[in-house]
Amino acid sequence: GQSVRSCLAQNDVHLATTDAHDLSASVADVRLQWEVESLRSEFAGEAAEATQLRLQLRTFEAAAQAASLQADAVSAEASASIQALRSASVQEDAEDSKATNSHLKVE
């Protein structure tokens with residue numbers, strides 16, 4: 001009877017140790033799973049933020065390109081205006097010169 005009791009007691013200790021080991025392994029698994037999910041969520045958030053930043057960058061690039069095109073158009077318009085003023089000035093000078101010459105011939 002004594003050896004049976006002793007064997008059962010040892011068996012109970014072994015089962016308790018095994019249960020504690022299994023429990024700590026389960027806790028470690030749960031903790032690891034939680035960390036993995038947490039990282040996955042964090043990376044998903046960072047990926048969404050990166051996508052948002054890329055969209056903002058494309059918007060800024062498009063705005064910069066539009067501003068550059070607008071500046072080119074204003075520059076071309078200014079050049080055309082300067083050219084028109086120069087032409088008008090040359091034409092006016094030519095007319096003044098003609099008038100002076102004809103006035104001198106009359107005298």
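Accessible area here is what the Shrake-Rupley method gives with a 1.4 Å probe. On that basis, the protein in this predicted model has about 9500 Å² of accessible surface, and carbon and sulfur atoms account for 60% of it. As for the fold, you're looking at one helix and zero strands.

**Overall build**
- The helix is called α1 and takes in residues 2–106.
- The protein has 107 residues, and 0% of them count as buried.

**The salt bridge**
- Go through the whole structure and you'll find one salt bridge.
- The partners are Glu37 and Arg40, whose closest N and O atoms sit 2.9 Å apart.
- Side chains of opposite charge can pair when their charged atoms come close.
- Glu37 and Arg40 are three residues apart in helix α1, so about one helical turn separates them.
- Glu37 has a relative accessibility of 36%, which means it counts as partly exposed, since that label covers values between 20% and 50%.

**The negative patch**
- Further along, there's a surface patch of negative charge made up of Glu92, Asp93, Glu95 and Asp96.
- Glu92, one of that group, belongs to helix α1.
- Glu92 has a relative accessible area of 49%, so it's partly exposed; that value also clears the cut-off of over 30% for patch residues.

Technical notes. Residues numbered from 1 in each chain as written. Predicted model: local features only at pLDDT ≥ 70, side-chain atom pairs only at ≥ 80, totals over all residues. Heavy atoms only, no water. Helix = DSSP H or I, 4+ residues; strand = E, 2+ residues; numbered from the N terminus. Buried < 20%, exposed > 50% of the residue type's maximum accessible area, 1.4 Å probe, protein only. Patch = residues over 30% accessible without salt bridge, like charges linked within 9 Å, V, L, I, M, F, W, Y side chains within 5 Å. Salt bridge = Lys/Arg side-chain N within 4 Å of Asp/Glu carboxyl O. Lys, Arg positive; Asp, Glu negative; His and termini not counted. Charge placed at Lys NZ, Arg CZ, Asp CG, Glu CD.
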